[in-house]
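Q: Could you walk me through this one? I have not looked at it before.

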Amino acid sequence: MPLDLVWLLPLFFLAAVLYSSVGHGGASAYLAILVLAGYARPEIAPTVLILNIVVTVAGFANYYRAGHFTPRLLRPFIFASIPAAYLGGMISLSQQAFSGILGATLLIAGLRFILFTKPILGRPPAKPGWVYAIGLPVGLTLGFVAGLIGIGGGIFLSPLLLLMGWADAKQTAAVSAAFIILNSLSGLAAHVLYGTIHPGLAVPLGFTVLVGGQLGSWWGAWKVPPKVLQQVLGGVLLIASLKMILDLL
């Protein structure tokens, strides 16, 4: 293992624990760490998606076993997002303006979950058709953006599910994990055509995030109260927003 990776392993472990506790893979954190360490974003995109898949598979397994997965919430979002993630993964685009807008959006959402501490209780939408009316275009947008910047998209889906009141914090984590897995696989398929997977980078980091992802998702699925999980999600969103804003500097 390259010596310059040794000091990165604790950062990846902690990121995997934190993100997996709310059903996320941690791609935005991995991108930030590797870019700050001097790696080029196009070069590391496939590796980051692999790490994302490893963590969210572990997270989904824990949340599924705990009984928090609701398939009907996933279907409308995923139908359009999978092909859109593949298309997004084929495009190379400057993210400067996008990072600023997205960073501000995630900052607002993160503050919402931290400052308003009353747990959000999941309830079905007033009309079942609304799930598809909203989910299909939103899934298309989120999938394309996820493929474009090399993440799974769950960090966008989680605030939507919670703020719409369609799921509580643990149901949101389970649906987000499944959403991330499918979008990451689709985005990875496109990135592999144009990028290179580096085993020397992917293997040690993959093992590290697997251990962290198992620990964090077990804690989130079985131990932590929804109120705390909601605030952890707020912290994750704030971290992601700061990462986006730092990309502009």
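This is a predicted model: local features need pLDDT of at least 70, side-chain atom pairs count only at pLDDT 80 or more; totals for chains, interfaces and linings use all residues.

Q: Which residues have the most contacts inside the largest nonpolar core?
A: The largest nonpolar core has 57 residues, and those with the most contacts inside it are Phe 12, Tyr 30, Leu 34 and Ile 155. The largest share of this core, eight residues, comes from α9.

Q: And what does Phe 12 touch, leaving aside its neighbours within four places in sequence?
A: Phe 12 is in contact with Tyr 30, Ile 33, Leu 34, Leu 51, Leu 205, Thr 208 and Val 209, once neighbours within four places in sequence are left aside.

Q: What comes just after α3?
A: Just after that helix, Gly 38 takes a positive phi of about 105 degrees.

Q: Switching to α5, is Ala 84 buried or exposed?
A: Ala 84, which is found in helix α5 (residues 71–89), counts as buried because its relative accessible area is 3%, under the 20% cut-off. Not counting residues up to four places away in sequence, Ala 84 touches Leu 140, Gly 143 and Phe 144. Ala 84 and Gly 147 are 63 residues apart in sequence, while their C-alpha atoms are 7.4 Å apart in space.

Q: What about Ala 190, where does that sit?
A: Ala 190 lies in helix α9, residues 169–194, and Ala 190 is buried, with a relative accessible area of 0%. Apart from neighbours within four places in sequence, Ala 190 is in contact with Tyr 86, Gly 89 and Met 90. Between Ala 190 and Ala 85 there are 105 residues of separation in sequence and 8.5 Å in space, C-alpha to C-alpha.

Q: Why does Trp 222 count as partly exposed?
A: Trp 222, found in helix α10, counts as partly exposed because its relative accessibility is 43%, which lies between the 20% and 50% cut-offs.

Methods:
Residues are numbered from 1 along each chain as its sequence is written. Side-chain values use heavy atoms; hydrogens and water are left out. Helices (H or I, at least four residues) and strands (E, at least two) are DSSP runs, numbered from the N terminus. Buried means under 20% relative accessible area, exposed over 50%, partly exposed in between (1.4 Å probe, protein chains only). Contact means heavy atoms within 4.5 Å. A nonpolar core is a set of buried Ala, Val, Leu, Ile, Met, Phe, Trp, Tyr and Cys residues joined through side-chain atoms within 4.5 Å.
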